[in-house]
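Visitor: I would like to learn how to read a model like this one, feature by feature. Where do we begin?

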2 protein chains.
Amino acid sequence: MTDTVPRPTLEAVAARAGVSRATVSRVVNGSDGVRERLAERVRRAVEELGYVPNQAARSLVTKRHDAIAVIVAEPETRVFADPFFARQLRGISKELTAHDNQLVLLLTEDRDDHARVGRYLAGGHVDGALVFSLHIDDPLPGLIQRAGLPTVYGGRPDWNGGRRGVAYVDSDNRGGARDAVRHLLGLGRGRVAHITGALDQTAALDRLDGFRDVMVDADPRLVAEGDFTPAGGERAMRRLLDSCPGLDAVFAGNDLMAAGALRVLREHGRRVPDDVAVVGFDDMLPIAEQTEPPLTTVRQDIEEMGRLMARLLLRDLDGTTASDENADGAPSAVIFPTTLVRRASA
Amino acid sequence: MTDTVPRPTLEAVAARAGVSRATVSRVVNGSDGVRERLAERVRRAVEELGYVPNQAARSLVTKRHDAIAVIVAEPETRVFADPFFARQLRGISKELTAHDNQLVLLLTEDRDDHARVGRYLAGGHVDGALVFSLHIDDPLPGLIQRAGLPTVYGGRPDWNGGRRGVAYVDSDNRGGARDAVRHLLGLGRGRVAHITGALDQTAALDRLDGFRDVMVDADPRLVAEGDFTPAGGERAMRRLLDSCPGLDAVFAGNDLMAAGALRVLREHGRRVPDDVAVVGFDDMLPIAEQTEPPLTTVRQDIEEMGRLMARLLLRDLDGTTASDENADGAPSAVIFPTTLVRRASA
DNA sequence: ACGCGATCCGAGAGCGCTCTCGCCCGTGGC
DNA sequence: GCCACGGGCGAGAGCGCTCTCGGATCGCGT
């Protein structure tokens, strides 16, 4: 390993430019009050020495780290088999790097991990946190709140009603579900069934609510509980076919379950969309395009949601610096619209 | 925002325990030479005050950050529609957190990003780097090398032959490809075609080599270039059907292309696997299980590969501390075995 | 010419930690 | 009973930076 040459310090740059450390610092941090001639000399020295500020030293005094934690709480590998996550991460990454912030990724699986994460956050290594895929009764939010870290959640937290001012970004699950069901009705289908997601997640609950908004007094047997997995979708579909053989449409809580449902329908000789129309949710590529037939589904702009989460957090961080109550102004919840993507299945 | 109470410092703990800062430091960092009685007192003080070391201050003197960068160089969204990445990340994450290292994620899209990343790495914010999805002629490795950062690559870099001692972890693409093709031959298929991946990636090249190892003097028209996408797979399949209508098996460079190929085959009325057997690569869930018919494919232990990458890097880091040449001993390349997963398509 | 702001810059303290060095004290050899 | 020795602990310097504060310098009005 090439023993790294010690990197130049502020001191070194100052010496070379014939000025004091303070002046170099001013130039480097872009504060004004330095005459152009000097500033130019400093900049040249920085260039020549290849000076890069030592972040540790800087943080030590500023107490800022320009780093935010992204926490993905996913006990199961399920969501991991899902490009969703990667997309959102990409959006976040773009926004953060645009503002010179680092992205510290924390993946958690179980409660032990959450304790560890709590300790980490309390350790003050990062300026804020972005949290995903919380399930009901997760201890994490409590830990984070105690650490006093500015946080933005991805997806509506279940305790939203309780505490106030919780910032989160979510897609319009309820509205998207309504659109999906209305589309089915518009196709002339009368007996529309719904396969729900795992009901310990707000996304599943909201989609179910959207379904109910439209199918006001639907036969309760038209709703079958799934768990967001293909296998769960298959099971739910079988149950539905069993209890309501006359159904002519299915709205699945996500594309994975829709794929499972398609398989069961085919197995039972029901043609899609002729006999039964199917709509999914997420527009999870490449699944949605690969099913037979390709899936009509509800799309959300995942990447943009990621960006927005980051943006909200960064804004909050700046607000905090200004030390006000930050209770007002900021819309603490942003709901993204969804769009129906028509393919062959409905 | 609750104005965070200033966190206790070493000084505070020392005062409370009635010892010097040095002693507290020793206890906290687990170095010996502190009598048990004192150590216990210090530990209690730490507990009572909820002391957590300030990482910035520590790094300032140790020049260690206990942070490593994970760089995913992916210009296209392609690989992002792919759970591969998430799995590997999870493996890395587990290993790193087990050793109290942070994971700093850097996602790059274009060359500009790479310049930025280069600067970041040179900035000495992290102790090492894990790099993925390099394409041929990427400037990144050069930048990293100049920054003198210990690095482990995910997937064989194309310049492996050139420079020496490049550490990387890859799966046995060539061997896996051979297994796939042999399986097809074992099924009694004689005219096996291959749809390659994007040939600017070593994984695609290696899989092609594996194919050729077995199909020593195959008709060159049995090889069609793809690009790892479903659409590319479709196009390649059409070309193959066109030039070699008599083919009875296809080995696709990944599952996405295999899915595309399946569609084209179905469209052309070829039954799978009866008329044409198909094998993919990656066992990319949930794709492989959702195709019609489910895909026989080659699996690799992604998560474990991630873990190993992290482990290799951390070991290198420790070795560096010990300031030796680290030229020997360490196997700088590790190839993971693959296994064939039999489903219905072949 | 002289004084008075305003402007620009440097000196120096201090962020919280690690680590070297040397002091102190207890022990053992003679 | 004295001195050498060694292990346990504290004092203090210093990591590289920011930021306050006061001094130097300049321009301007009179």
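Guide: We begin with residue classes: Ala, Val, Leu, Ile, Met, Phe, Trp, Tyr, Cys and Pro count as nonpolar, Asp, Glu, Lys and Arg as charged, and the others, Gly among them, as polar. On that scheme the surface near DNA strand D divides into 14 nonpolar, eight polar and five charged residues. Keep in mind that this is a predicted model.

Visitor: Which residues are the closest to DNA strand D?

Guide: Of the 27 residues that surround DNA strand D, the closest are A:Thr9, A:Leu10, A:Ser25, A:Ala57 and B:Thr23. At least two residues each come from α1 (10–17), α2 and α4 of chain A and from α2 and α4 of chain B. The largest share, five residues, belongs to α4(A).

Visitor: And which element gives the most to the surface near DNA strand C?

Guide: That is α4(B), with five residues. DNA strand C is surrounded by 27 residues, and the closest are A:Ser20, B:Thr9, B:Leu10, B:Ser25 and B:Ala57. By class, this surface has 14 nonpolar, eight polar and five charged residues.

Visitor: What does UniProt place at residues 8–62 of chain A?

Guide: An unreviewed UniProt entry places the feature "domain: HTH lacI-type" there. In the model, residues 8–62 of chain A are 69% helix and 0% strand, and the end C-alpha atoms of the span lie 21 Å apart.

Visitor: How should I read the relation between two copies of a chain?

Guide: Two copies are related by a rotation about an axis and a shift along it.

Visitor: How many residues of chain B are in contact with chain A?

Guide: There are 45 residues of chain B in contact with 45 residues of chain A. On the chain B side, α5(B) gives the most, with eight residues. The residues of that side comprise 23 nonpolar, 15 polar and seven charged. The copies meet through the same surface, because 100% of the interface residues of chain B are also interface residues in chain A.

Visitor: Now a strand. Are the faces of β5 in chain B covered or uncovered?

Guide: In a regular strand the side chains alternate between the two faces of the sheet. For strand β5 (residues 168–171) of chain B, both faces are covered. B:Tyr168 and B:Asp170 are buried on one side, and B:Val169 and B:Ser171 are buried on the other.

Visitor: Which strands pair with β5(B)?

Guide: One of them is strand β4 (residues 151–154) of chain B, joined to β5(B) by two bridges and running parallel. Within this pairing, B:Gly154 has B:Val169 as its bridge partner. Strand β11 (residues 333–336) of chain B also pairs with β5(B) in the parallel sense, over four bridges. There B:Ser171 stands opposite B:Phe336.

Visitor: Where does A:Phe228 lie?

Guide: A:Phe228 lies in the loop between β7 (223–225) and α10 (230–243) of chain A. Its phi is near 80 degrees, a positive value in a residue other than glycine. A:Phe228 is buried, with 25 other C-beta atoms within 10 Å.

Definitions and conventions. Residues numbered from 1 in each chain as written. Chains lettered and ligands numbered in written order. Predicted model: local features only at pLDDT ≥ 70, side-chain atom pairs only at ≥ 80, totals over all residues. Near = placed C-beta within 6 Å. UniProt positions renumbered as here; feature names shortened; annotations may be inferred. Contact = placed C-beta atoms within 7 Å. Buried ≥ 20, exposed ≤ 12 C-beta atoms within 10 Å, placed from the backbone. Pairing = 2+ DSSP bridges.
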